[in-house]
Amino acid sequence: MGPAGDAALAIALDDVRAAAQRLRGVAHRTPLLRSRTLDALTGASVQLKAENLQRGGAFKFRGAYNALTAMNAEVRARGVCAVSSGNHAGAVALAARLHGTRAVILMPADAPVLKRAATVGYGAEVITFDRYRDDREALARELAAARGLTLVHPYDNPLVMAGQGTVALELLQETAVDVLLVPVGGGGLISGVATVAAALSAATDVIGVEPEASDDLVRSLRAGERVRVTVGPTIADGQQTPIPGALTWPVIARRVSRAVTVSDAQIREAMRFAFERAKLVLEPSGASALAALLAGVVSVPGARVGVILSGGNIGAAGFSTLMG
């Protein structure tokens, strides 16, 4: 696909740069962290982008704040809504609070207690649904229409995608990487990241990582088109999406080389490693990209590797339970 094809994609580098300006002084510029033990175990030079230290505990704040900031002021004043298992919910709630508007959030009934509490704590109204039986997209559209709210989609929104891309903008401003491992749910983060990488570091191999129970991106890339899967139970609640986004998929198909899956056991080991060796608390989805590296699912000896640690929203009790 040439420049004409690129022009048809939802976002470009300039959109990410514009998002970075909106986020300046509001979002944290999260650190890149090193671990000699990790380098020794993998044979690579690894940089960990610690988005678990972002406002709201995850990268999602970037996209949500960018979307609300760019929104028409009168529209924003009427309120926003979102559907999310947790991190996007909290991000939209926090962004709404910072802009002085209301937020109504649809959350799965089994969403982590900590994430729901954070969302409520930011002042949002929470409505629950069954993630395995209810049509979340239909519920969100109905809620927006009934209450006159603007829906802020967790990934199929160009402003959200561009906001998430600022993760890679920061990373690549500080270091060069041969491989960039990115957790994948609906594709908002990886589409933004891959857009930046394609423009600023074309040789960088962007690889998506998703749980085995939700391997829609792996299957979609293999088929060359969006493939819907039946999502199974996984500890990586933030990555339980059945199909890549309609807007994120064309970007991913153009700019992402491949995707891999990791097991819940591998994610647990990555969480344990991050806690014991790097002194970082990661939620399961936040550890999935690290899991792919540690478990050898992606083997990159001698390479410069960037790993996005996408979130750390997990309570002490939940973390202890997972660690056994």
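Reply: Gladly. This is a predicted model. A search of the whole structure turns up 2 cavities of 30 Å³ or more.

Me: What makes a space a cavity rather than a pocket?

Reply: The way out decides. In a cavity a 1.4 Å probe fits but cannot get out, whereas a pocket is an open set. The largest cavity holds about 360 Å³ of space. Its lining has 30 residues, and Phe-59, Lys-60, Gly-185, Gly-238 and Gln-239 are the closest to its centre.

Me: Which helices supply at least two residues each to the lining of the largest cavity?

Reply: Helix H6 (87–98), H10 and helix H14 (284–294) do. H10 gives the largest share, 3 residues.

Me: How are the residues of that lining divided by class?

Reply: There are 8 nonpolar, 16 polar and 6 charged residues in the lining of the largest cavity. Gly counts as polar here.

Me: What is known of the second largest cavity?

Reply: The volume of the second largest cavity is about 50 Å³. Its lining consists of Gly-56, Gly-86, Asn-87, Gly-90, Lys-115, Ala-118, Tyr-122 and Asn-313. H6 and helix H7 (113–121) each supply at least two residues of this lining.

Me: How do you know which class each residue in that lining belongs to?

Reply: Ala and Tyr count as nonpolar, Lys as charged, and Gly as polar. The lining of the second largest cavity has 2 nonpolar, 5 polar and 1 charged residues.

Me: What volume does the largest pocket have, and what lies nearest its centre?

Reply: The largest pocket has a volume of about 510 Å³. It is lined by 23 residues, with Arg-131, Asp-134, Arg-136, Arg-228 and Pro-242 nearest its centre. The lining divides into 9 nonpolar, 5 polar and 9 charged residues.

Me: Now the helices. What describes a packed pair?

Reply: Two packed helices are described by the angle between their axes and the distance between the axes.

Me: Why is H2 called roughly perpendicular to H10?

Reply: Helix H2 (residues 13–23) and helix H10 (residues 188–200) pack at about 115°, and their axes are 9 Å apart. Angles of 65 to 115 degrees count as roughly perpendicular, so H2 is roughly perpendicular to H10. The crossing of H2 and H10 is left-handed.

Me: Which residues meet where H2 packs on H10?

Reply: From H2 come Leu-13, Val-16 and Arg-17; from H10 come Thr-195, Val-196, Ala-199 and Leu-200. That contact of H2 with H10 has 5 nonpolar, 1 polar and 1 charged residues.

Me: Why are H4 and H9 called oblique?

Reply: The axes of H4 and helix H9 (residues 158–174) cross at roughly 130° and come within 7 Å. Roughly perpendicular runs from 65 to 115 degrees and roughly antiparallel needs over 145, so H4 and H9 are oblique to each other. The crossing of H4 and H9 is right-handed. Among the residues in this contact are Gly-63 and Ala-67 of H4 and Gly-163 and Val-167 of H9. The contact of H4 with H9 divides into 6 nonpolar, 5 polar and 3 charged residues.

Note on methods: Residues are numbered from 1 along each chain as its sequence is written. This is a predicted model: local features need pLDDT of at least 70, side-chain atom pairs count only at pLDDT 80 or more; totals for chains, interfaces and linings use all residues. Side-chain values use heavy atoms; hydrogens and water are left out. Axes are lines fitted to C-alpha atoms, for helices over the stretch in contact, and angles run from 0 to 180 degrees between N-to-C directions. Helices (H or I, at least four residues) and strands (E, at least two) are DSSP runs, numbered from the N terminus. Angles under 35 degrees count as roughly parallel, over 145 as roughly antiparallel, 65 to 115 as roughly perpendicular and the rest as oblique. A crossing is left-handed if the near helix is turned anticlockwise from the far one by less than a right angle, and right-handed if clockwise. Contact means heavy atoms within 4.5 Å. On a 1 Å grid over the protein atoms alone, a cavity is a set of points where a 1.4 Å probe fits but cannot get out, and a pocket is an open set with protein on both sides within 12 Å along at least five of seven lines; lining residues have an atom within 4 Å of a point. Grid points are joined across faces, edges and corners, and a volume is the space filled by probe spheres set on the points.
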